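Subject: Structure for your review

Dear colleague,

Please find below the structure that I am handing over to you.

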Amino acid sequence: MPFGSGDRAQIQQILEQLGKLATDLAAVKQQVADQQHMIDQARRDATAAITSGLAEIRAVAREALGRTSDVANGHLANIGSELIAIRSAIGQLDTRLCETPTPAQEVQVAREEPAAPEQQPVEHLAPEPAPEPEPHVEPASGPDPDILRAAAGIAHATVEAHRDTWAFLIQTAGREQHFHIPGKVQDDDGFVQVRFSGPSLVAAITSLDHVHHTADSPVTRAIAAHIHGKITTAVQEIIDRPHRGDGEGTPVRIVIDDRAATDEPAGP
């Protein structure tokens with residue numbers, strides 16, 4: 001049975017509704033695509049921000065760890081130098097205690113002393129010989145004042161030596177008023193590099209000179225004299241060739257590492 005005019009109108013209305021639904025569906029798809037693009041962009045922005053923030057946090061953490069390491073190394077160097085000075089003071093105190101006799105030893109020595117002989121009549125005593133004069137010992141003249149003044153004018157000097165030599169220098173000059181223990185000591189397999197100030201050099205020269213002239217042990221005197229000679233030689237070079245202000249000059253470098261000369265090739 002053919003469609004009537006009423007059916008055709010209804011079909012036309014259904015087709016229009018389907019077309020409208022298709023248009024609405026396309027709009028919804030476009031909105032979904034736009035929202036998906038916005039979500040992707042937001043994800044990329046968030047990822048970039050997080051990555052940048054983590055990089056900044058890592059940089060700040062590295063810098064903080066580096067500063068902490070430098071501070072810790074400086075404190076450890078100070079503690080080590082102070083421990084060396086304390087150990088030296090304890091050793092000297094122990095030596096003094098060992099040299100001081102106890103009351104029991106004094107009593108034993110008094111008992112072991114022989115009794116004084118009986119006095120004989122004056123007419124039978126032989127005349128006592130005149131006492132021989134004691135040999136006159138010249139006192140130590142002390143460091144050269146010119147050397148001390150030149151050392152005091154040095155801003156900083158680098159001392160390179162073995163760790164044991166550095167320990168001896170700390171033990172010798174560590175109790176001087178103007179000696180300042182450096183905060184940073186570079187140690188390369190037992191060979192240290194230390195930066196000294198002018199006042200510390202003056203204190204080291206004075207202490208080494210005193211030990212060189214007063215120490216009981218010849219080994220101690222030899223070590224003190226050798227280090228004293230190295231320092232004074234470097235300072236004497238400043239006196240002989242002073243800086244005139246026409247250039248940067250040569251920094252003071254004291255190397256305590258004597259070596260034999262290298263073998264030279266034989267001549268023709």
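I begin with Asp189, which is found in the loop between strand E2 (185-188) and strand E3 (191-196). Helices (H or I, at least four residues) and strands (E, at least two) are DSSP runs, numbered from the N terminus. Although Asp189 is not a glycine, it has a positive phi of about 55 degrees. Asp189 is exposed, with a relative accessible area of 77%; exposed means over 50% relative accessible area, buried means under 20%, and partly exposed lies in between (1.4 Å probe, protein chains only).

Two remarks on the origin of the values are needed here. This is a predicted model, in which local features need pLDDT of at least 70 and side-chain atom pairs count only at pLDDT 80 or more, while totals for chains, interfaces and linings use all residues. Residues are numbered from 1 along each chain as its sequence is written, and side-chain values use heavy atoms, with hydrogens and water left out.

The protein as a whole

The secondary structure of the protein comes to 6 helices and 4 strands. Read from the N terminus on, the elements run α-α-α-β-α-β-β-α-α-β. Of the 268 residues in the protein, 19% are buried. Contact means heavy atoms within 4.5 Å. Among contacts in the protein between residues at least 6 apart in sequence, 77% join residues at least 24 apart.

Helices H5 and H6

Two packed helices are described by the angle between their axes and the distance between the axes. The axes of helix H5 (residues 198-214) and helix H6 (residues 218-240) come within 8 Å and cross at roughly 145 degrees. Here, axes are lines fitted to C-alpha atoms, for helices over the stretch in contact, and angles run from 0 to 180 degrees between N-to-C directions. On the side of H5, the residues making the contact include Leu201, Ala204, Ile205 and Leu208; on the side of H6, they include Ala224, Ala225, Ile227 and Ile231. By class, the contact of H5 with H6 has 9 nonpolar, 4 polar and 2 charged residues. In this count Ala, Val, Leu, Ile, Met, Phe, Trp, Tyr, Cys and Pro are nonpolar, Asp, Glu, Lys and Arg are charged, and the others, Gly among them, are polar.

Which residues are buried in helix H3 (residues 145-152)? They are Ile147, Ala150 and Ala151. These residues lie on the same side of H3 because they cover an arc of only 100 degrees around the axis, the arc being that of the directions from the helix axis to the C-beta atoms. The buried residues of H3 pack against H5 and H6.

Ile154 has its place in the loop between H3 and strand E1 (157-162). At 8% relative accessibility, Ile154 counts as buried. Not counting residues up to four places away in sequence, Ile154 touches Ser197, Gly198, Leu201, Val235, Ile238 and Val252. One of these, Val235, is 81 residues from Ile154 in sequence and 8.8 Å from it in space, C-alpha to C-alpha.

Ala173 and Ser207

Ala173 has its place in helix H4 (residues 163-173) and is buried, with a relative accessible area of 0%. Leaving out residues up to four places away in sequence, Ala173 touches Phe179, Ala203, Ala204 and Ser207. The C-alpha atoms of Ala173 and Thr206 are separated by 8.2 Å, although the two residues are 33 residues apart along the chain. Ser207 lies in helix H5 and is buried, with a relative accessible area of 4%. Apart from its neighbours within four places in sequence, Ser207 is in contact with Thr172, Ala173 and Glu176.

Asp40

Finally, Asp40 lies in helix H1 (residues 5-99). Asp40 is partly exposed, with a relative accessible area of 24%.

A colleague
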